[in-house]
Amino acid sequence: FRSFWLRVAAFLYAVGLLHSLFSVVRKAHTFYGFALSAFRVGVVLHGVAIVDLAMAEGRLPVENFYGTISLCAFLFALVFLFVEWRYRFASTSVALFPLIFLMTLVAGMERPVTVWTDTRVRDAWLIVHIILVLAGYAAPTYLAAILVLTFLVGCNYVWVCKFFPEGGGVYHAARIFSPRLGVVGALLLLAGYVVTAAISGYEAYNYFGLKEEASRWEIGRAHV
């Protein structure tokens, strides 16, 4: 049941991911309380999965990459809950919720789900998989376009710093001219963050000697 409970925990952690996205986009913590409650339940189920596996194997489940990243995600979650309880420092949730969700999701993929007997569902997923793989092969073209857009974002930063030395950022400067321009600026910044995260993650896998996992997750990041 380890993969099952980890996937349930990842599902609950996804509520925190939505909270982080709303916090970044809308600058509001509208359902932080609900996200925190779901996160706490997810931590409990995450711990149940780790303890269950440790009892089954008779040792701490850190013998492979998936077990290690699962334990690290669980420890990060415990540290966050302690800091939030002791210091009420909730702003760290914007960064930690997505990180813990992603790590738990990866750990839950160690064992594949049971094959569907319904051929229609299987065929539909196969079509989706083919589309995503083709998009992955076309990723270099997309990345090249994103690199160009990121360069334009850098140029915009230079102009913003020049005309707004007191601060304000790209969003403030763009909204002065046009709200639509502010949206474009935000999308360009997000594209830069995605490219940086993908490259950094790929190099991290290579650094730890996990070349097969690096290729697999690089395709996943390209799909995203």
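Start with helix 8 (residues 179-207), which supplies five residues, the largest share of the nonpolar patch. Helices here are DSSP runs of H or I, at least four residues, numbered from the N terminus. This is a predicted model, where local features need pLDDT of at least 70, side-chain atom pairs count only at pLDDT 80 or more, and totals for chains, interfaces and linings use all residues. Residues are numbered from 1 along each chain as its sequence is written, and side-chain values use heavy atoms, leaving out hydrogens and water.

Now select Y157, V183, L187, L190, Y193 and V194: together they make a nonpolar surface patch of about 600 Å². V183 sits in helix 8. To join such a patch, nonpolar side chains (Val, Leu, Ile, Met, Phe, Trp, Tyr) must lie within 5 Å, on residues with over 30% relative accessible area and no salt bridge. Areas come from the Shrake-Rupley method with a 1.4 Å probe.

Next, hop to helix 2 (residues 32-57). Its 26 residues should span 38 Å at 1.5 Å a residue, and the end C-alpha atoms are 37 Å apart, which agrees; the expected span is 1.5 Å times one less than the number of residues. Just after helix 2, click G58 for a positive phi of about 75°.

Last stop: which residue forms a salt bridge with R40? Pick E84, with the closest N and O atoms 3.7 Å apart. The pair links distant parts of the chain, E84 in helix 3 (residues 65-87) and R40 in helix 2, 44 residues apart. The structure holds one salt bridge (a Lys or Arg side-chain nitrogen within 4 Å of an Asp or Glu carboxyl oxygen). E84 is buried at 5% relative accessible area, while R40 is partly exposed at 41%; buried means under 20%, exposed over 50%, partly exposed in between.

Notes. Patch = residues over 30% accessible without salt bridge, like charges linked within 9 Å, V, L, I, M, F, W, Y side chains within 5 Å. Helix = DSSP H or I, 4+ residues; strand = E, 2+ residues; numbered from the N terminus. Buried < 20%, exposed > 50% of the residue type's maximum accessible area, 1.4 Å probe, protein only.
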